[in-house]
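Please look over the sequence and the model shown here before reading on.

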Amino acid sequence: MMNREEFTAEVLKVEKSLYHIAKSILDNDEDCADAMQNAILLAYQKLHTLKQDTFFRTWITRILINESCQIIRRRKNHMSYEDYMDDRETEDRSRYSELYLAVLELPENYRIPFVLHYVEGYSVKEIGSILKLSESAVKVRLHRARNLMKERLKGEYGYETC
């Protein structure tokens, strides 16, 4: 079993990846920080349930996704849809690239596998384990996400379909 120093070292290795994943689910940095903090704390408390240290990255990513979804559920219980959409529209999106915005516009069931695979480098098998999906379901979601990205970015970056 992993000790505290090993746990800290592993968290530091995946910290940037955890932020990218949280940001693909949550809109603002404060929520991302909360999700990461909650996930790390929960992972440390449940460290005894990790069967093999080699699966740490996949395991903590699953915890982070659950914590991020929990934040979304809590927000929905406390904020009206109109207020939420107003907040999203007033956010300064000019600082983000068109590609980043296109990724954010993907539906969540496509966005999360897309970010895990193309941004964070997880394999299809690992994504299936994290999201509790079959490998074929992950492949379908990645395919659909790529098609949505192609459509969204048509004309952007010189991309045109035949």
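This is a predicted model: local features need pLDDT of at least 70, side-chain atom pairs count only at pLDDT 80 or more; totals for chains, interfaces and linings use all residues.

Residues are numbered from 1 along each chain as its sequence is written, and side-chain values use heavy atoms, with hydrogens and water left out.

The chain has eight helices and zero strands, where helices (H or I, at least four residues) and strands (E, at least two) are DSSP runs numbered from the N terminus. Read from the N terminus on, the elements therefore run α-α-α-α-α-α-α-α. Of the 162 residues in the chain, 38% are buried; here buried means under 20% relative accessible area, exposed means over 50%, and partly exposed lies in between, with a 1.4 Å probe and protein chains only. Among contacts (heavy atoms within 4.5 Å) between residues at least 6 apart in sequence, 69% join residues at least 24 apart.

Two packed helices are described by the angle between their axes and the distance between the axes. Axes are lines fitted to C-alpha atoms, for helices over the stretch in contact, and angles run from 0 to 180 degrees between N-to-C directions. Helix α1 (residues 4–25) packs against helix α2 (residues 29–45) at an angle of about 150 degrees, and their axes are 10 Å apart. That makes α1 roughly antiparallel to α2, since angles under 35 degrees count as roughly parallel, over 145 as roughly antiparallel, 65 to 115 as roughly perpendicular and the rest as oblique. On the α1 side the contact includes Phe7, Val11 and Leu18, and on the α2 side it includes Cys32, Met36 and Ile40. By class, the residues of this contact divide into ten nonpolar, no polar and four charged, where Ala, Val, Leu, Ile, Met, Phe, Trp, Tyr, Cys and Pro count as nonpolar, Asp, Glu, Lys and Arg as charged, and the others, Gly among them, as polar.

Tyrosine 44 lies in helix α2 and, at 38% relative accessibility, counts as partly exposed. Leaving aside neighbours within four places in sequence, tyrosine 44 is in contact with Arg4 and Phe7. Tyrosine 44 and asparagine 3 are 41 residues apart in sequence, yet 9.8 Å apart in space from C-alpha to C-alpha.

A second pair of helices gives another angle to look at. Helices α7 and α8 pack at about 105 degrees with their axes 8 Å apart, which makes α7 roughly perpendicular to α8. Val124, Lys125, Ile127 and Gly128 of α7 make this contact with Glu135, Val138, Lys139 and Leu142 of α8, and by class these are four nonpolar, one polar and three charged residues. Lysine 132 lies in the loop between α7 and α8 and is exposed, with a relative accessible area of 65%. Most residues other than glycine have a negative phi, but lysine 132 has a positive phi of about 60 degrees although it is not a glycine.

The interior can be described through nonpolar cores, each a set of buried Ala, Val, Leu, Ile, Met, Phe, Trp, Tyr and Cys residues joined through side-chain atoms within 4.5 Å. The largest has 34 residues, and those with the most contacts inside it are Phe56, Leu64, Ile65 and Leu116. Helices α1, α2, α3 (56–78), α6 (108–119), α7 (124–131) and α8 (135–152) each supply at least two residues of this core, and its largest share, nine residues, comes from α3. Beyond its neighbours within four places in sequence, leucine 116 is in contact with residues including Ile21, Thr61, Ile65 and Ile127. A second, separate core of nine residues includes Ala102, Leu106, Phe114 and Leu153.

In helix α5 (residues 98–105), Leu101, Ala102, Val103 and Leu104 are buried, and the buried residues of α5 pack against α1, α6 and α8.

Two further buried residues complete the tour. Serine 24 lies in helix α1, counts as buried at 6% relative accessibility, and touches Arg111 and Val115, not counting residues up to four places away in sequence. Glutamate 120 is found in the loop between α6 and α7 and is buried, with a relative accessible area of 14%. Its contacts, again leaving aside neighbours within four places in sequence, are with Ser17, His20, Ile21, Arg57 and Val115.
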